[in-house]
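Open the model in your viewer and keep the selection tool at hand. The stops below say what to select and what is there.

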Amino acid sequence: MHHTQPTSEVTNLSKKKDFVTQCLASLLFAIGAFVIFLWNSPTALAAIYPQAVAMAYNTAICIILLSFSLLALIYEKRQIIILCAAVIFLLSGLTYIEYQWGVSVGVHYWFTHWLAYSPPLQRLMSPTAAFCLVLASFSLILSSTAAPPNENNLMIPVVFLNFIIVTIATIALLGYGIGLIPVFGWLGIKMAPHTAIGLILFSSAMVFYFYQYAINTFNRLKFFYRMITGFGFMALLVIAIGSAAILQINTVSAITQELYRNSWQVNNAVLRIKTEINTINRALKNTAINPTIYSNNKIPNDIKFAKTIIIQSMAFIRNNEPSMINNINEFEINFSEWEKFVLASCKLLDSKDYTQFAQRTLYASQEQIYQLETILERISFHAQMRITELNTLATNTKNDAKNLIYIIVTIFFIAGLLVSSLITRSLTSQLQKIRQLMLNLADEKLDAPIPFTDHPQEIGDMARTLAIFKENITTRLRLEKRLRQVIESTPNGIIMANSAGVIEIVNAQTEHIFGYDRSELLGKPVEELIPKSAISNITNNGDIFFTKKAIEAMGTGHELLGLRRDGSEFPLEIGLAPIEADDGTKMLAAIVDITERKNIAAALNSSRELLELTTRINQIGIWEYLLESDHLIWNEAMFDIYGRSKELFTHNHNAWRQCVHPDDIVNVEKTFQESMKTLTPYVSKFRIVLPDGSIKYIHAKAKVEKIENTSKLRILGTNMDITREELTFAKIHELETLRSSIVEYSEDGIISKTPYGIITSWNAGATNMFGYTADEAIGQSISDLLFPEDRREEEQMLLSSVRSELVVQHFETIHRCKDGRLLNVSITLSPIKDAAGNIIGVSAIKRDITDAIKSRELLAKRQHELEKSNEELDRSNKELETFAYVASHDLKSPLRGISQLSSWIDEDLAEKKYAAVDKHTQMLRNRIQRMEKLLDDLLIFYRAGKVEGTQNIIYLNQMAKDIFEIQNTKSGLQLETAADLPTFTTLSTPFEQVLRNLFSNAVKHHDRETGVIRLSYRELNEYFYEFTVCDDGPGISEKFQHRIFGMFQTLKPRDELEGSGMGLALIKKIVENYGGRVSLASAGRGCCFSFSWPKKM
Amino acid sequence: MIAKVYPPVQHEHTQTVSLLIVEDDDIDATALQRALHKLKLLNPLYRAKDGLEALELLRAGEIPSPYIILLDLNMPRMNGLEFLEELRSDPILTHAIVFVLTTSKSDEDIISAYREHVAGYLLKQRMDNDFMQVVGLLDHYWRIIELPLTM
């Protein structure tokens, strides 16, 4: 448990580290691959080609190899690292050798040679890059042995090397970017910026990968080596930075050297030439003004001398300023011309032609000298320009050197801080941990693990020493603990007090005996444990003898007494021993509370007394029989039981025999003799007859033993009156017999089971009911045996409700019999409890209710039928009522009309008023017809309820047309039928009647000349069609709609429109008879009658 | 609509009681008319063929006050009992005096009719053929009984 957490953290960390390293490696690879790509196809990205190939081909290869070796590092492929490092070392090392010693092995062209076409730019690996790569290859080779899992000391140089690479590459990059050290480039060849970035990436990755390992390794070094490493690193840093400074100084000195070697000397040479020419010129001019001074051959000699100097100077200039070669040549030509001219002039002097000489010297020669001087001025100017240039360069270099010094100081400062803080931190943190550990050990906290024990050096030594300390402490603590346990678990109370009587040590038993808590006792005077009465005798002298006295004082008087916290006193036993300790003499007291012991002694006495009393009260008779002397000794209880008086009893075996019930005596005697013969304990049950004739049951037990040192036998026994128990038992037996016969012969299955459903008893009823015998059923789980699979959970539910003390009554379910039959059963469950009220079982009464259910169902069916016929009756009653009602009016009214009309005709005839007679006779006939029609319709109506006729196929379309033809009395009316009218089989007569009545209704009530009656249908649901007859007649106003289906209901007086008022009532009756519905929809003109009709009868 | 059926000439000067017979059967209406004629009574007789028509007549004020309504029960469109209910709930017509003249002997109808405060319930079949008794009864009735004139 303790180790998983750190391990997973480490795993996470190393995963993260691997991930970062992989990313850097990929980036590195990308840079290298990109450069290689551009080398191979210069035209692809022509715009950036020159910048890109600033990185040499070999450098790019090395960069790619670096990325490979990083990946190899992660996956621990040591050989690959070494291979890569070797190639890098070869390429960069050879380059470096080429630069340093001028040996040419053409390493730069090894690979570019293989390119498809010769690259437009040739680049060489810069010496700085070569140096860095050499370092990188070293670090890789080191890392191949230093990488995990080895983790040896070589990690430190790996990190250092990479630090140096980073520093150099950073300086190179800074040289590009900020211009701090603009000329930084070894041998004048700069490292490409992306090379620098690549190297920084690589070294960062290496540092990142190895840093923690390196720190860990570093932390394990000896202090001395840590210091050495730190200073070594700083020294390397200083050397690196110092090298840069030296380079700068070299540069400055090179500039100065050049300054003095060339330009100044050239200038001087020019000046020398000028002086020579001027000297000759002055001599010539002087001679021209004053020819007297002319001496023979002086001038030609001068010229010869000057020429020598001039030639020397020119040669010097030519050597040092090769760029001046044209000027020098020109000068030499001009000079030799001038020389010839002057020599020719000198010839004129010789011939004393002074005028001519002066003429030539003052004019033509001056012209030539001017030419010469112009050329010399040019050379001189050039030299001066060069001087100025070098001066500027020197100044810049000086400034750079100043900057470099700043950087050196800054970096040195930072690196110094860094290194010293690292070393300090490395040391102090370890020492801090060791110190904390020491403190913990001092506090006896032993849980903390000891770090650094595996370190080889100083810290490790310390840690191992501490481990030994820890072990010692652990041992000491264990011993102390054991000692404390011994003291604590001693059954005696232990008190140690010093000479002043102050308690120093107590144990748990002491706490227990005196009722104090330990903290209350320690530091308290020992007197507190002594009763006041005892302590008054002694005084505290402050020496050991006081303690002794004080403790002994507990024993003042005959009994030693202690004082408990609650003030009660108790008897005790005490053992004393003085102990010589460093800080004085101690008194050790071992205390035993003897209250219990005393109590036991007292209890023994009283129990003896109690025994006699108990035997008496409980009617336990005790007897002793001495066989030899035939002497029988009874205690009081025996006489009580046997109802004999002590005085009248003859105290022998025979007397006892006479008390025993004659039926039992033989058996009892036999058992008695047998146990005497075998000397085994004797147990028997028998009846005795009391003097008043009543009978008692006796339970007798006895032990037969030999009297010591004799062969005489003594029998010691008890007699117990168990009459009441016997009678109770007999009663119980009787009840049990009754119960079991009830259970056994019950028709119901009576089963008992455990609270979890295992059958424990099974009566005959259950056997009859389910077919299983008791032997088959007992021990089975009831749910497996009787419940069908899909009802097993019911049993669990029932049992759990019984377990929660509920009584389940008449729960109805289904059981499976042995022969597979399913039975409907009603179950009544109740818990069986033991005397303590715990549920120890469940009793189940199962009644076969198959028949009951059948008759119940039958009853329900009958009831339903009854209800239905009642409804029928109700309906026909209602019909009858309606009939009676309408008959009283509608059937009588034509009759009365007839009677009235006939009497009017009589009257009118008598009064000879013939005018009305015809009309009345007409009305008379009309009434008779109406009567007939009413009676006919009534008959039809009452017949409508009866199902009759046969089922025919109805072709509704044709049928509707036929009916309409017959019913239509108005020529303007037309029938429209829906196209999809069905063809189906049904009772055709009632259906036809409905349709006929609807058509006739529509036709009869139509109030216009022309009109359309429409028959349509739809499927109402799966059982019914719905047919609709619509007309465009007057419609039926809403307030009459509820009446129109009534019997004899008309909307117009019959005198206006003849009709029985039975049509719609008839439709309603017919349709409802077949389970359908009639409805009316009418709003404004037109009305639609819809009726539903079963699809199948 | 020819509501007024009898007598052929209106005697303006006589302040007599009007009769409104609500009856779908032409014969019964004719019988009443004949009875009035026979007894030489000149009370104006109006006829409506059902309850609805009667209500329209009454609400239009076609029947001169005071009037007595003779009501048949079994009629198309609106039967007598429905008519009575409507009549009694009308604040103006509620005082109207109504005699029921019907063939229905049912107790239900009789009770329903009296619940609507009819002045009498006459059975057609108990009357003689020409309703002479009815007209005689009404003749006495309007002579003796004070009719509400506020109508």
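Helices (H or I, at least four residues) and strands (E, at least two) are DSSP runs, numbered from the N terminus. Residues are numbered from 1 along each chain as its sequence is written, and chains are lettered from A and ligands numbered from 1 in the order in which they are written. This is a predicted model: local features need pLDDT of at least 70, side-chain atom pairs count only at pLDDT 80 or more, and totals for chains, interfaces and linings use all residues.

Start in chain B with the loop between α2 and β4 (67-71), and select B:Pro66 there. The peptide bond that joins B:Ser65 to B:Pro66 is cis, its omega near -5 degrees.

Next, select residues 51-59 and 80-89 of chain B, which are helices α2 and α3; they pack at about 30 degrees with their axes 9 Å apart (axes are lines fitted to C-alpha atoms, for helices over the stretch in contact, and angles run from 0 to 180 degrees between N-to-C directions). α2(B) and α3(B) are therefore roughly parallel to each other (angles under 35 degrees count as such).

Move to chain A and select A:Asp630, in the loop between β6 (620-626) and β7 (631-634). Its phi is near 50 degrees, positive although A:Asp630 is not glycine. A:Asp630 counts as exposed because it has 11 C-beta neighbours inside 10 Å (exposed means 12 or fewer other C-beta atoms within 10 Å, buried 20 or more, and partly exposed in between; C-beta atoms are placed from the backbone).

Last, select A:His810 in strand β13 (residues 808-816) of chain A. The phi of A:His810 is also positive, near 50 degrees. A:His810 has 10 C-beta neighbours inside 10 Å and so counts as exposed.

Terms used:
Parallel < 35°, antiparallel > 145°, perpendicular 65-115°, else oblique.
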